[in-house]
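Biologist: I am new to this structure and would like to learn how to read it. Could you take me through it feature by feature?

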Amino acid sequence: MLKVDRKSNNVDHKKKKNNNNNSKWKRWRLITSLIVVFVAMYFNPWRHSLIYSLLNKTYICSEDNCEYTGIVEECCCDYETINDINEGVLHPLLQELVKTPFFRYFKVKLWCDCPFWPDDGMCRLRDCSVCECSENEFPESFKTTSLNVLPKDDPVCQEGKPEAVVDRTIDVKSFRGWVEVDNPWTNDDETDNGEMTYVNLQLNAERHTGYTGPSARRIWDAIYSENCPRYAYGETCTEKKVLYKLISGLHSSISSHIAAEYLYDEATNKWASNLRLMHNRVLKHFDRVENLYFTFLFVLRAVTKATSYLDQAEYDSGNHVEDLRAQFLIRELVHDSRLEEACALPFDEAELWQGQGGPILRQQIQNQFRNISALMDCVGCEKCRLWGKLQVLGLGTSLQILFSVDDQGNPDPDLQLQRNEVIALLNLLNRLSESLIYVTKMRDEVAKDIGLIHIPWGPLITHWYSFNATTSPFLALTKAKIAFELLFSGGRSYQI
Ligand SMILES: Cc1cc2nc3c(=O)[nH]c(=O)nc-3n(C[C@H](O)[C@H](O)[C@H](O)COP(=O)(O)OP(=O)(O)OC[C@H]3O[C@@H](n4cnc5c(N)ncnc54)[C@H](O)[C@@H]3O)c2cc1C
């Protein structure tokens with residue numbers, strides 16, 4: 001007969017019961033925690049509070065509302081104000097302005113004479129730059145002027161994608177007036193007309209061109225590693241930060257334009273916005289978005305500082321009615337009372353170059369910027385080179401306006417700009433202004449599309465995770481679980 005050990009059976013039973021209770025309790029704890037996290041995230045009462053601003057750069061994105069809050073680093077205005085003033089005032093005016101004949105023609109040396117790596121197959125061939133443009137695209141009169149040198153056909157062209165080629169169609173009128181002076185911040189000699197050509201910017205939208213791979217990567221690498229290194233966390237020298245921020249902001253803007261107009265299918269010529277690209281290259285990196293806002297404010301400050309100059313400048317393209325309109329729009333822009341009230345001083349340049357090392361630092365940063373400007377001659381896609389050169393000249397003009405000094409190192413009262421610099425400056429501001437619109441619009445679209453929330457948990461948590469109550473409860477809970485783990489994982493980051 002089998003003897004039953006009641007005692008040990010009892011213990012086993014108790015153990016089992018305890019285990020069951022334990023696992024039940026664990027399950028309940030997990031479920032309750034998840035619900036708490038879920039509710040806390042969804043009805044987060046301090047979404048816009050000071051705590052968030054203090055904790056980090058405050059990129060807050062709920063299901064139907066995504067926004068940045070707080071002051072842009074090193075600037076004097078906050079995100080909300082910039083967005084309001086851009087959408088309400090600057091963007092509509094700039095869009096009109098850049099269409100006027102005066103602002104739509106840009107003089108540029110498009111040949112790519114890369115001074116840094118002459119053996120780069122991408123850029124060695126001068127004629128390569130316009131190889132696929134047919135001759136009948138150009139007006140007869142155009143072909144005879146020395147400013148517009150026509151390329152020879154070259155079968156070895158490596159940048160022949162139609163979307164990468166600059167359309168050189170232009171009105172027969174050309175500009176008059178304005179002095180020609182060389183900008184010390186840029187590498188090109190702006191007074192040298194020898195190899196320059198006029199380009200109608202309206203026919204050459206800055207968008208996806210298919211330029212990618214080692215050639216493009218090499219340029220960005222050379223810019224960041226040699227000429228404007230990313231500053232270390234805690235860097236206090238604002239001047240060193242400024243150059244990096246300007247270039248990074250420009251890079252974000254270029255990426256935003258690529259994402260906003262992306263060629264999905266060459267055969268059917270299907271263009272549409274590319275949310276994933278925008279998310280991966282710009283939106284998920286808070287610093288890149290912040291640098292875009294910084295660059296916008298920096299250029300805006302240069303434009304407002306040059307108010308009296310821009311007020312009196314001669315906008316003469318030969319089309320009287322259109323030129324009067326350009327002048328009217330410029331005055332509307334620089335004298336807008338809403339801009340003055342909302343953000344009187346977008347960036348305070350007076351704080352820079354102080355102290356003994358100021359002049360040396362200025363020279364050093366000027367040299368670095370000149371190198372970056374020279375690198376534009378190595379860009380192996382003509383349209384990218386066009387916009388790269390224009391925008392770098394626009395930045396160089398901003399630097400010139402904000403930081404030009406006379407022989408004694410005092411701010412230069414006799415600042416002179418050339419027509420092309422003003423064209424570059426205003427077109428750059430328009431590019432940046434468009435990019436801010438894309439960031440706001442596409443951030444909301446991305447949030448709706450994949451249900452994203454960014455936890456502004458200080459520098460610890462730098463990535464996004466998804467969380468969307470409208471998706472299936474299971475998915476929402478899974479996402480909440482990730483959120484839960486993320487919050488208590490000491491800053492481990494998740495990427496969707
Ligand atoms: C001057 C210039 C103009 C261009 N214009 C165009 C154009 O009009 N149309 C077009 O289709 N292509 C253009 N390109 C190419 C485009 O910028 C990219 O290089 C290309 O699309 C390949 O992208 P990628 O994913 O390799 O990353 P890239 O954009 O090439 O970035 C390279 C690296 O730089 C870092 N990085 C990226 N963004 C930032 C930022 N905002 N701040 C700091 N670091 C950053 C990252 O580490 C990244 O891996 C241009 C390139 C250059 C150099």
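Biologist: What covers the buried residues of helix 6?

Modeller: A word on terms comes before the answer. A residue is buried if 20 or more other C-beta atoms lie within 10 Å of its own, exposed if 12 or fewer, and partly exposed in between, with C-beta atoms placed from the backbone. Helices (H or I, at least four residues) and strands (E, at least two) are DSSP runs numbered from the N terminus. Two residues are in contact if their C-beta atoms, placed from the backbone, lie within 7 Å. Here, the cover over helix 6 includes helix 7 (238-260) and helix 13 (358-375). The buried residues in helix 6 include Ser215, Ile219, Ile223 and Asn227.

Biologist: How should I treat the model and its numbering?

Modeller: This is a predicted model: local features need pLDDT of at least 70, side-chain atom pairs count only at pLDDT 80 or more, and totals for chains, interfaces and linings use all residues. Residues are numbered from 1 along each chain as its sequence is written.

Biologist: Which residues around the ligand are the closest?

Modeller: A residue is near a molecule if its C-beta atom, placed from the backbone, lies within 6 Å of it. In this model 22 residues surround the ligand, and the closest are Ala216, Ser248, His251, Cys384 and Gly388. Helix 7 gives the largest share of that shell, six residues, while helix 6, helix 7 and helix 14 (382-403) each supply at least two. By type, the shell has nine nonpolar, eight polar and five charged residues. In that count Ala, Val, Leu, Ile, Met, Phe, Trp, Tyr, Cys and Pro are nonpolar, Asp, Glu, Lys and Arg are charged, and the others, Gly among them, are polar.

Biologist: Which residues have the most contacts inside the largest nonpolar core?

Modeller: A nonpolar core is a set of buried Ala, Val, Leu, Ile, Met, Phe, Trp, Tyr and Cys residues joined through C-beta atoms within 7 Å. The largest one here has 93 residues, with Tyr293, Leu297, Val299 and Leu429 having the most contacts inside it. Helix 15 (residues 419-450) provides the largest share, 14 residues. Leaving aside neighbours within four places in sequence, Val299 touches Gly394, Ser398, Leu428, Leu429 and Leu432 by the contact rule.

Biologist: What about the faces of strand 3?

Modeller: In a regular strand the side chains alternate between the two faces of the sheet. In strand 3 (residues 105-108), Tyr105 and Lys107 lie on one side and Phe106 and Val108 on the other, and all are buried. Strands pair if DSSP finds at least two bridges between them; strand 3 and strand 4 (residues 197-200) run antiparallel, joined by four. Val108 has Thr197 as its bridge partner.

Biologist: Is Asn269 buried or exposed?

Modeller: Asn269 counts as exposed because it has 10 C-beta neighbours inside 10 Å. Its place is in the loop between strand 5 and strand 6. Most residues other than glycine have a negative phi. Asn269, however, has a positive phi near 55 degrees.
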